[in-house]
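Work through the exercises below with the sequence and the model in view. Each task is followed by a solution in steps.

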Amino acid sequence: MSGDDFSESLEGIYHIQGRDFVDAGIVSSEVKKSLQGKGISESIIRRIAVITFEAEINIISYAEQGTIQLFIEPDAVIIEANDAGPGIADIDLALQEGYSTADDSIRELGFGAGMGLCNIKKFSDIFELTSLVGQGTYLRSIVKLNG
Amino acid sequence: MNLETLADTLGLKCKCCWEKLKSTEVKGGYAGDLLSDVMANSSAGDIWVTRQVHQNIVAVASLKDLAGIVVVQGASPDKETVDRASKEGVPIMVTDMAKFEVVGRIYRLLSEG
Ligand SMILES: Nc1ncnc2c1ncn2[C@@H]1O[C@H](COP(=O)(O)OP(=O)(O)OP(=O)(O)O)[C@@H](O)[C@H]1O
Ligand SMILES: [Mg+2]
C-alpha cells in the first residue's frame, strides 16, 4: 500500500507540536468535524476519531513534531501520521499491548497503558507502521467505508 | 435514563453544561483512568466515571460521544478542563464518593431502568 497515492483526496493537514498536552485532542476534533455531514456513519467516524487521537497523542508524547493528514476517498478514509522524533527501534515490541516507554509526566495524564498502537490497529482495516531510529515514525491507517 | 435524573438521584454536582442534562440520554457506563482504555472500550452514550481531572478527558468524551463525565473522590477538575468541556458541550459532574460506590449505584440505576 505504501506506493498508493491519495494526494488528490487530501482533506486536511494538521501540525502537531511535541510535548504540548494542552492542545492534545484538538487535531482529532478537527478531523472528526471534517468527517461529519459527508454521509459517513457515526460509528465509523468514532473509529477514525480513536485512530487519530492515539496517533496525535503518540506524536505529542514521543516526538519533536509531526503532521497528521486526512484523506477522504469514495470508499475509504486514510489517516497518515508522520513525525520527526526518536523513531521506534522494535515495532513488534511497540505493538505488544502493555509495552510502554512513557515517563511519569505522561502517565500522570492517564496515558502510557501501552494500548494506543493496538487500538489503532484494531480500529483500522489496513494498518501500516514504519520507523527509522533517530529520524521518525510513519503510520498509515485505512478505514473502509462500505462494510 | 436522562443525565439529570441520574445526577439528581446520586447527588452529583454539575460543573458545566447544566442545560444539556435533561436532553442527554445515558445508555450505559464505563469506568477507568487510562485514556486509551476508555478510548477503545467505552461506547457512545456511556457515562464515564474517572479520577482524571486534566483537560484531555474532555477530548476523550467528546470524540467518543460519551454522555458525560463523573469525577470521583472529591477530585476537582482543572479550570481549563471545565472551560473546554463547556465549549465542547461535555457535561462534567463531581462527587465525593469513591469510584466503587458511584459505579455500583449507576449500574443499579441503569439496570432498573
Ligand atoms: N510516534 C512515536 N515515536 C516514537 N516512539 C513511539 C511513537 N509511538 C509509539 N512509540 C513507542 O511505542 C510505545 C507503545 O505505544 P502505544 O501508543 O501503544 O502505548 P503508549 O503510548 O505507551 O500508551 P497509551 O497509548 O496506552 O497511552 C510507546 O511507549 C513508545 O515507546
Ligand atoms: Mg500511545
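**Exercise 1.** Find the salt bridge that Lys32(A) forms and state where its two partners lie.

Step 1. In this predicted model, Lys32(A) pairs with Asp65(B), and their closest N and O atoms are 2.6 Å apart. A salt bridge here is a side-chain nitrogen of Lys or Arg within 4 Å of a carboxyl oxygen of Asp or Glu.

Step 2. The pair crosses between chains: Lys32(A) is in helix H1 of chain A, and Asp65(B) is in the loop between H4 and strand E4 (68–71) of chain B. Helices (H or I, at least four residues) and strands (E, at least two) are DSSP runs, numbered from the N terminus.

Step 3. Lys32(A) is buried, with a relative accessible area of 7%, whereas Asp65(B) is partly exposed at 28%. Buried means under 20% relative accessible area, exposed over 50%, and partly exposed in between (1.4 Å probe, protein chains only).

Residues are numbered from 1 along each chain as its sequence is written, and chains are lettered from A and ligands numbered from 1 in the order in which they are written. Local features need pLDDT of at least 70, side-chain atom pairs count only at pLDDT 80 or more, totals for chains, interfaces and linings use all residues, and side-chain values use heavy atoms, with hydrogens and water left out.

**Exercise 2.** Which residues are linked with Asp65(B) in a network of salt bridges?

Step 1. Asp65(B) also meets the side chain of Arg46(A) in a salt bridge (2.8 Å, N to O). This pair too crosses between chains, and Arg46(A) is in helix H2 of chain A.

Step 2. Arg46(A) is buried, at 19% relative accessible area.

Step 3. The network therefore links Lys32(A), Arg46(A) and Asp65(B), since side chains of opposite charge can pair when their charged atoms come close.

**Exercise 3.** Describe the salt bridge between Lys22(B) and Glu4(B).

Step 1. The side chains meet at 3.0 Å, N to O.

Step 2. Lys22(B) lies in the loop between helix H2 (18–21) and strand E2 (28–31) of chain B, and Glu4(B) in helix H1 of chain B, so the pair ties together parts 18 residues apart in sequence.

Step 3. Lys22(B) is exposed at 56%, while Glu4(B) is partly exposed at 26%. Over all chains the count is 11 salt bridges.

**Exercise 4.** Is Glu56(A) buried or exposed, and what is the nearest side chain of opposite charge?

Step 1. Glu56(A) is in helix H2 (residues 42–62) of chain A.

Step 2. Glu56(A) is buried but has no salt bridge; Arg84(B), the nearest side chain of opposite charge, is 6.7 Å away. Lys and Arg count as positive and Asp and Glu as negative; His and the chain ends are not counted.

**Exercise 5.** Which residues of helix H5 (residues 79–88) of chain B are buried?

Step 1. They are Thr81(B), Val82(B), Arg84(B) and Ala85(B).

Step 2. Seen down the axis of H5(B), the buried residues fall within an arc of 165° (taken from the directions from the helix axis to the C-beta atoms), so they line one face of the helix.

Step 3. The face turned away from the buried side carries the exposed residues Lys79(B) and Lys87(B).

Step 4. After H5(B) comes Gly89(B), whose phi is positive, near 70°.
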